[in-house]
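Please walk through the structure shown below. The explanation goes from the contact between the chains to a single helix and then to a single residue.

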There are 2 protein chains.
Amino acid sequence: MTALKPAQFLMIPGPTPVPAVILETLGRHPIGHRSTEFSGVLTEVTKDLQALGETEADVFVLTGSGTMAMEAAIANTISPGDKVLCLITGVFGERWAKIAQAFGAQVEKLESASGTAVDLGQLANRLSADKEKSIKVVTITHNETSTGVINDLRQIAHLVRKHGALSLVDAVTSFGAIRVPIDEWLVDVLITGSQKALMLPPGLAIVFFGQRAWAAQATSKSPKFYLDLARYKKSLSANTVPFTPNVSFVMALQKSLALIKEEGINKIQTRHLTLKTMLRTGLRSMGLKLFVDDEYASPTITAILPPGKLTVADIRKGLKEDYNIIVADGQEDLQGKIFRIGHMGYVFERDILMTLSCAQAVLKKLGCERLSEPTHIRFAGS
Amino acid sequence: MTALKPAQFLMIPGPTPVPAVILETLGRHPIGHRSTEFSGVLTEVTKDLQALGETEADVFVLTGSGTMAMEAAIANTISPGDKVLCLITGVFGERWAKIAQAFGAQVEKLESASGTAVDLGQLANRLSADKEKSIKVVTITHNETSTGVINDLRQIAHLVRKHGALSLVDAVTSFGAIRVPIDEWLVDVLITGSQKALMLPPGLAIVFFGQRAWAAQATSKSPKFYLDLARYKKSLSANTVPFTPNVSFVMALQKSLALIKEEGINKIQTRHLTLKTMLRTGLRSMGLKLFVDDEYASPTITAILPPGKLTVADIRKGLKEDYNIIVADGQEDLQGKIFRIGHMGYVFERDILMTLSCAQAVLKKLGCERLSEPTHIRFAGS
C-alpha cells in the first residue's frame, strides 16, 4: 500500500474533471439500446445539443473519439481528388490534413506560426485567388489544444461561406465552454468530444451536420459504414441508432447537458474567461512566460514555457508527486518545450488558485528564483 | 413516481448483465490516457486478451461498436475491387457484405437458409472452384446473433487457410463465452465487442490481427485513419494509443478479464453450454418450438417461435411489464417471427430458471394452453 494522498486532479486538456452525478450515472447498469427508455434519452440529448449549439443542423452522438468525429466529417463530405484547404495552427489542425489525405483529398495547407492564430487577411486572399472555386472544403480548428490558441471562428466561417466552400470545424476543446452559435456563425459541420467541456470521460464523439453538408454527403464517394451519417439520420428519425451505442455514456451525457442548461452557456462562458484571466495573470505574476499572446489566448487551455533551466518534466513531476495535480506536456515538436494547463468544463476559481499555489511551491522547491509573493495570485482572482 | 419493481434484467444479446465490480470501476474518476498508470492497464489488458484468445496475434482495443471493429477488419485488409466471399447465416453475416461493398469490394455471398449454419461441403466446393485464387478474403460470423446459430469456425477457418484466403471473423457473441483458440483454429482476424461475454456495457471494440493480415494491411488501399491499425500497433509498442480511448471502459475491461481468468475459459464454456441446454430443454418442455436445431444451436443466444396465435410483442410485453425481464425481438425479416433470449457473460443457472418460470407464467396469462408443469423446468436444470 502507498501512503494516503489527495485524489488525482486532472488539469490536462482531456480527460477533464467529471462531476459526481456523471460518475454515478456511468456506474449504473446499462439499459437496452432498443428500449423506449433509451429512445427517450436519445431524443432529449439531441434536442439539448441542438439548443447548446444554437442550431437546426442534425446532430449525431457517435461512440468513439474526437478524431473519429473529424474522420466522419471528412468521409461524409469529400470524394477522392477534392481540394481541401486546411487552416493549421498546431497538431489538431495538422490532423485534419492527415485525415483528408488518407481519404484521397488534394490538401493545401495554410499554416500559422506555432502559438498564433489563423491570419484572416491571408485566408481572405487565398480564397479570393481561388477564382475557379476549386476549394471545396475548409478545415478549421476552433481551439487549438496543442498550443492554447483560439481562432476567430465566426470570421473564418463567414469567409468560407462567402467563397462557397464547406466549413468543417473541430470544436473539441471549445464547444460547451464558450458560445458556439453554429447557424449564426455559418458553420456547416462541427465536431466535439465528450471528455472536454461536456464533463464526461472520453468515449463519445458528436457531429453537427448542416443542410449544405448533406448536399455534399449525397455525392461523396469516400467509403464509410460505421461513420455513414445517412444511416444515423435515418435511424434518428425513428428515435434510434444504427449501431450499438455506449448506452452508459449517452445516459451520462443527458445529465451533463442538463447541468449545462441549468448554468446557462453565457455564465459558463464567463466562468471560462475568468479562469483564463486568473490563470494567465497568476502565472505571469510568478514570472512565467506564456506561449500565446492575450489576443488569441484560449479560454480553455494555457501553454507555459518552463522558466530558466527547469524542464517541463521537472515541473510536471513536481506537481504530480507533491500534489497529485496532472498537467500536460507539449505535443510533437513542442514536447518538452511547453507545459499545458487545461481549464475546461468542471473547473472553478478554486481549482485555478490551487494550481497556481501548487505550481509556485513546485517552482520554489526546484530552485526557481523569479517568484512573486502569493498576494499577487490572490489579486489575480479578484 | 412509479411503483417499486424488480431491477431490469437484460436477457437480450447485448447489452448483457454487468457485474458490480465493473459498474464500480466505470463510476470511478478517469485518469489521463497518457499516464504511466494507464499504460500499465493497457499492457495488462493486451496480454490478457491474447491469453484468452490463445494467440500471438496483435490485439487492439478500440473505442466504438462491434460493427466498427468489422469495418476495421475490412478497411485494413482489402482494396477496392478485391474479391470477398461472405458466408451469410443472418443479419450479421449480411453486415460483413454491406461493409465490404461500402469499401468497394467485389462481394460474393454464400448464403445458408435462415436458422441454419454454413454448409462446410458447399464452402469447400466453392473454394475448390476458385482455381485462380481470386477470393482474397472470407468473412465469417462465428455466432449469428440474429438467429442463434453457431458456425463451425475451426473447420471453416481451416478451409479458408488451405485456400490461401484471409479469414475475418465476427466473434462478438462467442468470444469470452466459449473457447476460441485463434491460432490453433487458423483465424487471421477476429473481432469482438465489450457488451457481450466480456460483461461490460457497450463502448469498446476489440480486433485481433494476425501476421498474414499485416501482409494484406501493408498493401491495402482502403482509406482509414481512426481505424488504421498500423497506427495502433506503432503506439502500442510504446504502451500507448494513437487516439483518446474510453479510459473508464479500458479500466473496466481489465477487471472483467481478471474475472474471466479467475473462472477460466473452460469452466466458462461449460457454464454457457449448460445454460443453453437448460434453456432449450425448459422451453421445449413448455411446448415451445425453437428456431434452430440442436446441431448448431448457439451457446449464447436462443431464438424461439411464439406459440399459437400469440405474438412476439405480447410475450416481450408480458415479460417486461410483469417481471421487468427484457428479451429481444427478431431482427429485420425475422422481426415479429421469433423472440430471442440472450444467455452470455454474467448469466447463471438461476437466471435461466427465473426466465423460464416467468416465461411460463406469461404464456399462461396470455392463454397459451400447451404448457407443461413446472417440474419439467426443474428437471431441465438437473
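Which residue of chain A forms a salt bridge with B:K320? The partner is A:E37, and the closest N and O atoms of the pair are 3.2 Å apart. A salt bridge here is a side-chain nitrogen of Lys or Arg within 4 Å of a carboxyl oxygen of Asp or Glu. Between chain B and chain A the count is two salt bridges.

This is a predicted model, in which local features need pLDDT of at least 70 and side-chain atom pairs count only at pLDDT 80 or more, while totals for chains, interfaces and linings use all residues. Residues are numbered from 1 along each chain as its sequence is written, chains are lettered from A and ligands numbered from 1 in the order in which they are written, and side-chain values use heavy atoms, with hydrogens and water left out.

The size of an interface is often given as the accessible area lost when the parts come together. For chain B and chain A about 3600 Å² is buried, 65% of it on carbon and sulfur atoms; this is the area lost to a 1.4 Å probe, summed over both parts. Each side is counted by contact (heavy atoms within 4.5 Å), and chain B and chain A contribute 48 residues each. Twelve residue pairs across the interface, both at pLDDT 80 or more, are in polar contact. On the side of chain B that touches chain A, α1 (20-26), α2 (36-52), α3 (66-75), α4 (91-102) and α9 (247-263) each supply at least two residues. The largest share, four residues, comes from α4(B).

Now turn to helix α5 of chain B, residues 120-129, where B:L123, B:R126 and B:L127 are buried, that is, under 20% relative accessible area with a 1.4 Å probe, protein chains only. These residues lie on the same side of α5(B), because they cover an arc of only 95 degrees around the axis, taken from the directions from the helix axis to the C-beta atoms. The buried residues pack against β3 (83-88), β4 (106-111), β5 (135-141) and α6 (153-163) of chain B.

In chain A, A:L283 is found in helix α10 (residues 265-285). A:L283 is buried, with a relative accessible area of 1%. Leaving aside residues up to four places away in sequence, A:L283 touches A:L288, A:L290, A:T302, A:I304 and A:L356. The C-alpha atoms of A:L283 and A:T355 are separated by 10.0 Å, although the two residues are 72 residues apart along the chain.

Definitions and conventions. Buried means under 20% relative accessible area, exposed over 50%, partly exposed in between (1.4 Å probe, protein chains only). Buried area is the accessible area (1.4 Å probe) that two parts lose on being put together, summed over both. A polar contact is a pair of N or O atoms within 3.5 Å; within protein, one must be able to donate a hydrogen and the other to accept it, and residues adjacent in sequence count only if both atoms are side-chain atoms.
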